[in-house]
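We will go from stop to stop, selecting one thing at a time.

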Amino acid sequence: MRREALQQIKQKYGNRATDSRFECSLYSRDLASIPAFIVNPLFNTMPDLVVRPTSAEEVAEILKVVYTSDIPVTPRAGASTAYFGSIPIKGGVVIDLNLINGVVGLSETEMTVTTKAGTTWSDLDEYLNSKGFSSKSFPSSAPVATVGGWFCMKGYGIGSLKYGSLLSQVKAIEVVLPGGEIRRFFRDSEPPLDWFFASEGTLGVITEVELEVRKLNPMKHFLMPCPDVSEMAKILAAVKDAKIPPYNLHFADQQCVRRLHKLGFSPGQIEAGCLLAIDYEGTVEELTQAQEIMAALIMDHPKMGPLPEETAKTEWTEKFMALRLKRGGPSILGGEVWLPIRELVGYLADIQKMAARYNLEVLSYGHVVTPQHATIMTFFYADEKRTVDYILNFGLIKKIYDVGSRHCGYPYGVGLWNTPYIGRIFSPLRLADLRKRKKKLDPKGLMNPGKVYRWPFMMNPLHFGLAMGILAGLARLIGRGGRR
Amino acid sequence: MTTKFGISFSTLEEEALTCGRCGYCRKSCPVYQVIGWESATPRGKITIAKDLFTKRKGKALTDEFVQRVAQCTLCGACANLCSTYIDTRQMWLELRKRIARMGKAPKGYNAIRQNLLANKNITKFSNDDRLEWAQDLDKEIEELKLKVGAEVCYFVGCVSAFFPRASQIPLAIVEIFMRSKIDFTTMGGEEWCCGFPLFAAGFVDDAGQFIGHNVAKLKELDIHSLVVSCPTCYHIWKHSSQEELAGYDLEVLHATEYLEQLVKGGRIELNELHEVVTYHDPCDLGRNSGIYNAPREIIISIPGVRFVELRHTRTDSLCCGGGGNLQSVDPESAAGIARIRTEEIKETGATILVSSCQQCEQMLSTAINDAGLAVRVMDISQLLLEVMA
């Protein structure tokens, strides 16, 4: 029956469906580079079929066929995370959503836009900008991340500090439920649309999103070199809590700044200290007030004069290029942590203590995404050609998350690889509630199985912690931690 | 070639390992836009290349991968968005080179090679017929014959020399040169293909022979200023012939640059033209060579013209589909790419589309005709000749 169902889809969708091993193998990867001999014994990441529908109706048709035949389904769009969130672990069908794209309509009076879920944030903004509008916020991977994809994640990024999470901006979504029913959900529908937020494609396939937009406003950019993390944290706190919140507030620690300089990417040729980028958008009056806020701040911190505005503007235009740091690799390993800002100084200090223990160069950069929280990417260099060292280094990723955990932080996003941390990410009550939702909407557990709700057996926190601890111990013992 | 921040391509293996698989390249890749599969994305190809060359030393090369590597216009748009600043255009050339050396080049590429080695041009015609297009001139032009020490040598390029539609370009350029009293010559039958089709097919050593021949002939003619109308030939002269040209004083100009000099120098007077004109940046002239302003300066200097930009322009310009030997392996995708660009041309409401590449003009002309648009497609030289007083 399974084979017949797959054949049925393949025939129906012709050159938009494939079971070619060559093609399917690329749908078993995302940003994470993990050796096949580790992944393959644990999971079946090779899809049996990949199909590219062009509409919600086609998605519904596909889901009806596969759900009846108990075939697992994994939705995929930009595939721009590193947690295997859009990688199948039980084979089945991968639905490539990139053809479901384009803007459906802009309401200038309501200040909303309705867009197909496979539209990238860059394409959406290009469209909105041409009409004098802009997205309220967008991910730092906007050239590839799709509207639906980011909604399925936690939805915090550039612009969130001023305009809130993506959830707060979305007014309606169209979802194809696992059984193939096409439904529209609102903030007050039953269930509400927030059930699908951060659900990582486990409850259905989002095909359309209606979200709030803002007027395209002028911007003002500041880039502040700071001597150390604690000074940077003071400025950061003062800026975020000021009367006019920045649109974007991101930072790089000393190690990151040093490495940027070494690679030739340093804004303003800054060699040491930290960097804090502060970007405002708004009306002329708001920008004038922002300028006054910054002027007062600079007066209070005369040793931390901002870099020329042109340099700050360049940093803004390079906002999607964080991966350029990978040039120091060839490989990088690390994790993204959701962290209370009050813990920032302690977290970065403890990360450096850990780095010293493992003889690693560990770099951190992050975005302040709410008045209380930041997302911080902490990573170190590795070399996947040196297989043994590379695998030993996996243990150190957990060490990063452990430091985060000691500072009330947790991994940002779950996917597959962060399932051992769901006890840190969700409270028991929240997790129980999420599992109820899953059971209600996907009783067969076929939508993106193995993600978010439970860890796969081999990745239960006890086994996982033990294995990672051994790897980290060996990494420390052998002293091949990295390229410090 | 270097990408942003002056980063040079190191080795295929190192660059493939550096790729972060972020997928930004998908947005700008014209081939991905028409094929749609992950294996057609630059990140997909690099992923496979990494496995193939860092882990398997080139073994397990599949026909599917060879086809995907060939399905690329070498437009360079992917390098523009690469978050790790990989010179991806160089990556595709390097991959094609390795595939050719493994004897696995697509059949179409081998046919290109055999033909070029036999005829020294991309057609089946004898290279002695390179100046056939000049028969359409009103009179015999002495300057077209090889002339030692001419002020300027005009490098015509295979497509313009042998294909009737494209030959309107050399006809226009020669007419402009004559009216402007330029002391010029051509290489006549001594002009060989610039070598790009061989480069793009991975036959780098063969390409080197063609470059070597053209450079040697130019030196024999004691030429120190070369004007090239084909952007790809221009790119080869400007970037890939530097080793052969070392120590020799040669100024290489694209026709748009030279014509701009003539216009700005007052050697050409222009009549009014009341049309809406848009301009398509050829990839090898714009993104890959950095020439954006010269053609625009010419267009806006024409009185009465209303110039409108396409939605994607300059560094973000979309490819026409005609580059990188794509037509020899996948003409359907090439035509599909041209259709995407044609949609943008339609949006502008332009009555004339100008470009400065015979290949772009051919691709877009076909797509525009197929779309039933009332848009004239012209080379910048044709436009200039039309408005010359």
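Select domain 1 and domain 2 of chain B: their centres, taken over C-alpha atoms, are 31 Å apart. Domain 1 covers 2–104 and domain 2 covers 113–261, with bounds that come from an automatic or database domain assignment. At their contact you will find 6 residues from domain 1 of chain B and 6 residues from domain 2 of chain B; two residues are in contact if their C-beta atoms, placed from the backbone, lie within 7 Å. The side of domain 1 of chain B that touches domain 2 of chain B has 4 nonpolar, no polar and 2 charged residues. Here Ala, Val, Leu, Ile, Met, Phe, Trp, Tyr, Cys and Pro count as nonpolar, Asp, Glu, Lys and Arg as charged, and the others, Gly among them, as polar.

A word on what you are viewing: this is a predicted model, in which local features need pLDDT of at least 70, side-chain atom pairs count only at pLDDT 80 or more, and totals for chains, interfaces and linings use all residues. Residues are numbered from 1 along each chain as its sequence is written, while chains are lettered from A and ligands numbered from 1 in the order in which they are written. Chain B averages a pLDDT (the predictor's confidence in each residue, from 0 to 100) of 95, and 99% of its residues score at least 70. The model has ipTM 0.95 and pTM 0.95.

Now show both chains. Here 24 residues of chain B are in contact with 29 residues of chain A. On the chain B side, helix 1 (12–18), helix 2 (24–28) and helix 4 (42–55) each supply at least two residues. Helices (H or I, at least four residues) and strands (E, at least two) are DSSP runs, numbered from the N terminus. By class, the chain B side has 7 nonpolar, 11 polar and 6 charged residues.

Stay with chain B and find its open sheet of 4 strands, in the order 8-7-9-10 with parallel pairing; two strands pair if DSSP finds at least two bridges between them. Which strands stand at the edges? They are strand 8 (306–308) and strand 10 (376–379) of chain B, each with a single partner strand, so one side of each is left without a neighbour in the sheet. Further in, 3 bridges join strand 7 (residues 276–279) to strand 9 (residues 352–355) of chain B, and V277(B) stands opposite I352(B).

Next, move to chain A and select helix 13 (residues 344–357) and helix 14 (residues 387–406). Their axes come within 9 Å and cross at roughly 145 degrees; axes are lines fitted to C-alpha atoms, for helices over the stretch in contact, and angles run from 0 to 180 degrees between N-to-C directions. Among the residues that meet here are Y347(A) and M354(A) from helix 13 and I400(A) and V403(A) from helix 14. In total, this contact has 5 nonpolar, 1 polar and 3 charged residues.

Finish with two backbone details. Most residues other than glycine have a negative phi, and most peptide bonds are trans. F84(A), which is not a glycine, has a positive phi of about 65 degrees; look for F84(A) in the loop between strand 3 and strand 4 of chain A. Is the peptide bond from E190(A) to P191(A) cis or trans? That bond is cis, with omega near -5 degrees, and P191(A) lies in the loop between strand 9 (182–186) and strand 10 (205–215) of chain A.
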